Each structure stands twice: as C-alpha cells, then as structure tokens.
Amino acid sequence: MRTLSKHCIIGFLVRLLLIGYGELQDRFFSVPFTDIDYGVFMDAARYVTENVSPYTRSTYRYTPLLAYLLTPGIFLHHVFGKILFSCFDICIAFLIEKVILLVNNDIQRSTAVGYSLLWLYNPVSIVISTRGNSDSIICFLSLLTLYLFLKERYALAGICHGLSIHLRLFPIVYSLVYYLAVPLESSHHGRKQQSYFRKLIRFIQLFKLNIPRLKFVLTCIVTLAIITAYFFALYGHQFLYETYIYHLVRKDIRHNFSVYFFFLYLRSTLNQTNVFKIMMFLPQLVLLLAFSLRLRSVKQVPFCLLCLTFTVVMYNPVLTAQYFVWFLPFLPVCLPNIKIERRKLIILTCLWLFMQLAWLLPAYQLEFKGQNTFFFIWWQSISFFCSNIAVLSNLIKAYQCPSSP
C-alpha cells in the first residue's frame with residue numbers, strides 16, 4: 001500500500017470522527033457545527049424524492065444535480081452528504097499527487113505525496129467538507145479537468161469542464177487558458193513580414209482552431225447544454241434564475257469579505273446602473289485576460305488556474321469564507337515551482353490569517369451584538385484585500401515555470 005493511500009485512510013477516519021463530533025455538537029450545544037447550507041441541501045433532496053422541485057426550499061441556490069446526489073441521505077442517514085463530500089476531499093489528494101508528477105518531470109513521488117498532505121490534513125478542507133459544504137465537489141472536478149487536460153484527454157477534460165461550470169459558474173474563467181494551452185502545430189507563416197506584423201500574426205494564430213481544441217470546446221459546450229436543457233425542461237426559468245442568474249445579481253451586505261462590501265451596503269436601497277456593474281467587474285476581467293494570455297503554456301496552466309481563482313475570489317463583489325477553498329487545491333500543485341523562502345511564506349500566511357481574523361471581530365459585533373460596525377468592517381475589508389494582493393504578487397514573483405522534458 002502506497003504512503004499516500006495510508007494517509008488517505010487516516011485522513012478519511014479523521015473526517016469521520018469530526019462528523020461524529022458534529023452530531024454531538026448539533027445536539028447538545030447552542031452553536032451548531034453543521035453548515036446552515038447543509039440543511040438547505042437536505043431539504044431540497046427531500047423535495048426531489050417527493051417529485052417536487054428542489055426550489056420549493058427557499059434559499060436553495062444550486063443546481064438540482066446536487067439535490068439528486070444527496071437523495072441517499074434521505075433514505076440512509078442525514079450525514080450521507082458529509083461523508084460524500086469527505087470522499088471527494090480524499091480524491092483531491094490523489095489528484096494533487098498525479099498533477100504534480102505530470103507537471104514536474106524531475107520530482108520524486110515521495111515529494112509529491114508530501115505536497116498532497118498539505119490538502120489532506122489542511123484544517124480548512126477538513127472542516128469545510130465535514131460541516132456539509134459541497135465545495136469539495138467543484139474542487140475535485142476542477143482538478144480532474146486539469147489532470148485530464150495534462151494527459152491530453154481533451155474530450156474528457158471538456159466534459160468535466162462543462163460539468164464543473166454547471167455546478168458553479170466560476171470555472172468558466174478557466175476556459176480561455178485551457179483553449180490557448182492546447183498545443184498548435186509549429187508554424188513559420190509570416191516570418192518574412194515586417195516586424196510590426198509578426199506580433200499581430202502570432203497573436204491571431206494563438207486562437208487558431210485545431211482538432212484537439214475542437215474536441216475540448218465541443219464536449220464542454222455539449223455537456224453544459226445537455227445538463228442545462230434537461231433541468232430547464234424539469235424546472236423552467238426558476239432553475240436558470242436560482243442556479244445562475246441569482247449569483248450574478250446577488251447583493252450580500254452581510255458575511256461579505258469583499259472590498260466592495262461597504263459600497264454595496266450604501267447602495268443596497270438604490271438601483272445599481274449597468275455602468276456601475278461593469279466598472280465593478282472590469283478590474284477582474286482585465287486580470288483574468290492578462291493571466292490567461294501570459295501563462296498559457298501547458299506547464300504553466302496549474303499556476304494560471306491558481307491566479308485566476310485567486311483573482312475571482314479576491315475581486316468578487318460577494319466574498320464569503322467558503323470561497324477560499326476554491327484556490328486551495330491548486331496551491332500544493334504549484335508549490336514545487338514557487339521558490340520562496342520559508343520565513344517569507346510563513347509571514348505571508350500569518351498576514352493573510354490575521355487580516356481574516358481581524359475582519360471577524362467587527363463582523364461578530366454586527367451579527368451577534370447588533371452594533372453598527374459597518375465602517376470598521378469596510379476598513380478591514382480593504383486591509384484584507386491588500387493582504388490578498390500582497391500574497392498573490394509574491395507568489396507570482398517567486399514562481400518558476402517547470403522545465404520541459
């Protein structure tokens with residue numbers, strides 16, 4: 001039995017113990033261990049078993065597919081979903097090892113296993129899945145797409161990518177870099193042209209369509225279209241609104257780490273113009289395009305996905321604690337190629353954690369004490385945003401592209 005397999009068994013047992021503890025805390029303590037969304041998931045699953053729309057449960061803002069996955073929890077035991085999410089957690093550790101070995105030709109398996117343990121024993125990933133948060137599924141699909149892409153299984157990668165976009169909208173930002181990273185045949189066209197035409201020609205050639213790119217794009221679109229059409233036929237416009245549109249127009253003025261938090265709070269009673277919405281997403285869009293174009297080689301794709309996810313989380317108008325888990329699976333994948341001093345890495349980690357905890361203090365005063373701490377939350381949101389920029393910029397400076405075989 002391989003070393004990672006042994007650790008995965010231990011990691012799974014740790015998660016089972018924490019699930020059991022959560023049952024006790026939910027029963028005997030006033031503050032529950034289980035995520036409030038887990039109750040929403042299970043209610044939606046119960047409605048599905050009764051041939052009723054999962055959206056009968058108010059605040060269910062997810063694809064019906066998630067409710068279908070959790071239906072065994074209605075007949076077996078209500079912790080089924082937590083165990084399922086923990087299983088995806090364990091699978092992520094295996095994928096991290098495989099992706100590291102694919103990207104780095106000179107790395108030893110034992111070293112790759114060590115990086116996988118950063119996810120397996122990460123308190124954040126453990127708590128997220130055992131509390132009943134479903135984000136381990138999207139993390140698994142994102143890594144599976146990357147693994148299949150690196151293995152040049154473009155059709156299967158496209159299917160996984162389409163499925164991940166259906167479950168959560170944010171993986172759609174990976175589409176451009178995946179498309180550009182598919183290798184093209186070497187071309188010598190335009191070398192006799194004047195120099196100022198060369199860059200333009202090469203840029204246009206970046207988007208040239210070939211068979212592997214066509215496989216990835218078509219399978220992604222067809223998968224997404226089939227699943228979406230099926231659930232639209234079952235649940236109509238309500239499915240489209242709750243699963244997709246709501247997340248684009250939602251205004252969350254509580255539990256929100258976003259740098260836009262205070263501005264959204266001040267404008268919560270006003271209609272937001274289209275110009276304001278465009279200006280709010282413009283910095284994010286520019287960075288997403290820049291990363292996708294700059295880090296488009298196959299070996300750089302994992303680090304590009306880390307930067308893209310970090311950008312989506314950091315610049316999103318709504319930013320809750322569960323969003324942080326989205327970029328965590330990519331971090332151990334990229335760490336072998338991030339040449340940064342351990343002391344500096346510890347400082348950046350402590351800075352990020354401290355700024356997050358500092359935000360929680362005024363947020364607690366607002367949520368549980370009813371005190372008007374919006375202004376202080378805004379300042380902490382700005383500080384937290386700056387700490388995120390510091391972390392990302394230092395990771396970019398320390399990153400070194402893996403050498404090709």
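In this predicted model, the second largest pocket has a volume of about 750 Å³. Its lining is made by 30 residues, of which Leu-169, His-247, Leu-248, Phe-281 and Asn-316 are the closest to the centre of the pocket. Two helices that each supply at least two residues of this lining are α12, spanning 211-249, and α14, spanning 274-294; the largest share, eight residues, comes from α14. By class, the lining of the second largest pocket divides into 20 nonpolar, five polar and five charged residues.

The lining of the largest cavity comprises five nonpolar, two polar and two charged residues.

The packing of helices can be followed next, since two packed helices are described by the angle between their axes and the distance between the axes. Helix α5 (residues 80-103) packs with helix α7 (residues 123-130) at an angle of about 150 degrees, and the axes of the two are 8 Å apart. Because angles over 145 degrees count as roughly antiparallel, α5 and α7 are described as roughly antiparallel to each other. On the α5 side the contact is made by Lys-82, Phe-85, Ser-86 and Asp-89, and on the α7 side by Ser-125, Ile-126, Ser-129 and Thr-130. The residues of this contact divide into two nonpolar, four polar and two charged.

A second pair to examine is formed by helix α1 (residues 3-28) and helix α6 (residues 109-120), whose axes come within 11 Å and cross at roughly 5 degrees. Because angles under 35 degrees count as roughly parallel, α1 and α6 are described as roughly parallel to each other. Helix α1 contributes Thr-3, Leu-4, His-7, Cys-8 and Arg-15 to the contact, whereas α6 contributes Val-113, Ser-116, Leu-117, Trp-119 and Leu-120. In the contact of α1 with α6, six residues are nonpolar, three are polar and one is charged.

Technical notes
Residues numbered from 1 in each chain as written. Predicted model: local features only at pLDDT ≥ 70, side-chain atom pairs only at ≥ 80, totals over all residues. Heavy atoms only, no water. Axes fitted to C-alpha atoms, helices over the stretch in contact; angles between N-to-C directions. Helix = DSSP H or I, 4+ residues; strand = E, 2+ residues; numbered from the N terminus. Parallel < 35°, antiparallel > 145°, perpendicular 65-115°, else oblique. Contact = heavy atoms within 4.5 Å. Nonpolar A, V, L, I, M, F, W, Y, C, P; charged D, E, K, R; others polar. 1 Å grid on protein atoms, 1.4 Å probe; cavity = no way out; pocket = protein on both sides within 12 Å on 5 of 7 lines; lining within 4 Å. Points joined across faces, edges and corners; volume = space filled by probe spheres on them.
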